[in-house]
Amino acid sequence: MKNISSEKNNHGKMITSLLSAAKLEEIRDRGVLRVGTAGDYQPMSYFDPSTGCHVGFDAELAEDLAGTLGVVIEYVTTSWPGLMEDTLAGKFDLAICGITITDARKDLALMSEGYLENGKTVLCRKEDADRYTSLEEINRSGVRLMENPGGLNEQFVRENLPDLPLMIHNINQEIPGLVASGEADVMITEIMEAGYYAGQDERLAAPLIHEPFTHGQLGILMPKGSEDLLDYVNEFLEKEKMSGRIDELAEEYFFKNMNARLR
């Protein structure tokens with residue numbers, strides 16, 4: 001007697017496999033890799049209005065990926081509050097803009113293997129570096145905290161710094177300058193961003209950059225149904241690591257700036 005349930009399951013798996021195997025072919029036939037990015041995150045993926053180009057670690061990584069596929073990039077603007085919704089809606093093939101791998105994101109969509117270590121840390125004015133040596137020291141009355149809306153930075157501070165009034169500023173790349181000028185005291189962000197801005201602006205410091213509050217990895221996000229693309233991306237990232245390309249990009253966009261002024 002045939003196992004009808006088993007046949008249905010196998011048939012469903014075969015259909016899913018066929019559908020997911022079409023993603024790479026679709027991209028190659030189109031000749032374009034659609035890359036989602038918020039475009040506001042130095043030094044990972046930033047849209048430079050003066051040149052009309054996307055620059056940064058992830059921008060170069062995306063170019064490398066597109067090159068291996070033999071296609072060009074079309075950037076699709078998204079936002080941190082709308083990142084998952086846009087991913088699930090298929091507005092782009094994948095998103096790469098400093099996205100932390102989380103279980104919540106993996107439940108809803110596909111995420112690549114990690115390609116860069118990250119973690120939450122503090123960005124503050126240089127003269128205040130000795131004041132902010134722990135979450136407890138930051139979570140004090142009178143400290144003015146500023147974040148951009150909708151991302152993991154906002155989520156982190158709401159969970160871990162509940163005693164502080166949170167100032168929300170929509171333009172992420174403006175916040176470090178507002179901290180430097182005294183409009184806010186602290187920004188909680190990833191070590192890459194904190195290191196970049198501390199390296200660019202001598203008024204700023206990232207005192208806990210080597211002791212972040214969290215530890216995680218960045219990954220590339222894409223909708224379910226793109227399993228063949230996920231496999232390709234993971235193989236690509238492994239080759240980039242083995243060739244030293246990831247280390248080269250990290251030196252160019254992160255460590256060089258960080259080491260210039262942090263001490």
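This is a predicted model: local features need pLDDT of at least 70, side-chain atom pairs count only at pLDDT 80 or more; totals for chains, interfaces and linings use all residues.
Leu-33 touches Ile-27, Leu-65, Ala-66, Leu-69, Val-71, Val-72, Ile-73, Glu-74, Asp-93 and Leu-94, leaving aside residues up to four places away in sequence.

**The cores**

Now widen the selection. Leu-33 belongs to the largest nonpolar core, a set of 61 residues. In soluble globular proteins, nonpolar side chains tend to be buried together.

Where is the second core? Look for Val-122, Val-143, Val-186 and Ile-188, which are among its members.

**Helix 9**

Next, select residues 191-200, which form helix 9. How many of its ten residues are buried? Nine are, so the helix is largely enclosed by the rest of the structure. Colour the buried ones: Ile-191, Met-192, Glu-193, Ala-194, Gly-195, Tyr-196, Tyr-197, Ala-198 and Gly-199. Note that Glu-193 is on that list.

**The cavity**

Rolling a probe the size of a water molecule over the atoms shows where empty space is left. A search of the whole structure finds one cavity of 30 Å³ or more. The volume of the largest cavity is about 190 Å³.

To centre the view, select Tyr-41, Trp-80, Gly-98, Leu-152 and Asn-153. Of the 17 lining residues, these five lie nearest the centre of the cavity. Then bring up strand 2 (40-41), strand 6 (94-100), helix 7 (152-160) and strand 12 (186-190). Each of these elements gives two or more residues to the lining. What is the make-up of the lining, by residue class? Four residues are nonpolar, seven are polar and six are charged.

**Salt bridges**

The structure holds 18 salt bridges. Visit three of them.

Begin in helix 2 (residues 22-30) with Glu-26 and Arg-30. These two form a salt bridge, and their closest N and O atoms are 2.5 Å apart. They sit four residues apart, about one turn of the helix. An α-helix has 3.6 residues a turn, so residues three or four places apart point the same way.

Move on to Asp-185. Its salt bridge with Arg-125 has closest N and O atoms 2.7 Å apart. Asp-185 lies in the loop between helix 8 (175-180) and strand 12, while Arg-125 is in strand 9 (residues 120-125), so the pair ties together parts that are 60 residues apart in sequence. Both partners count as buried, with relative accessibility of 6% for Asp-185 and 10% for Arg-125.

Arg-144 is in the loop between helix 6 (135-138) and strand 10 (145-147), 41 residues from Asp-185. At 32% relative accessibility, Arg-144 counts as partly exposed.

For the last stop, show Arg-125, Glu-127, Asp-128, Arg-131, Arg-144 and Asp-185 together. Salt bridges link these residues in a network.

Terms used
Residues are numbered from 1 along each chain as its sequence is written. Side-chain values use heavy atoms; hydrogens and water are left out. Buried means under 20% relative accessible area, exposed over 50%, partly exposed in between (1.4 Å probe, protein chains only). A nonpolar core is a set of buried Ala, Val, Leu, Ile, Met, Phe, Trp, Tyr and Cys residues joined through side-chain atoms within 4.5 Å. Contact means heavy atoms within 4.5 Å. On a 1 Å grid over the protein atoms alone, a cavity is a set of points where a 1.4 Å probe fits but cannot get out, and a pocket is an open set with protein on both sides within 12 Å along at least five of seven lines; lining residues have an atom within 4 Å of a point. Grid points are joined across faces, edges and corners, and a volume is the space filled by probe spheres set on the points. Ala, Val, Leu, Ile, Met, Phe, Trp, Tyr, Cys and Pro count as nonpolar, Asp, Glu, Lys and Arg as charged, and the others, Gly among them, as polar. A salt bridge is a side-chain nitrogen of Lys or Arg within 4 Å of a carboxyl oxygen of Asp or Glu.
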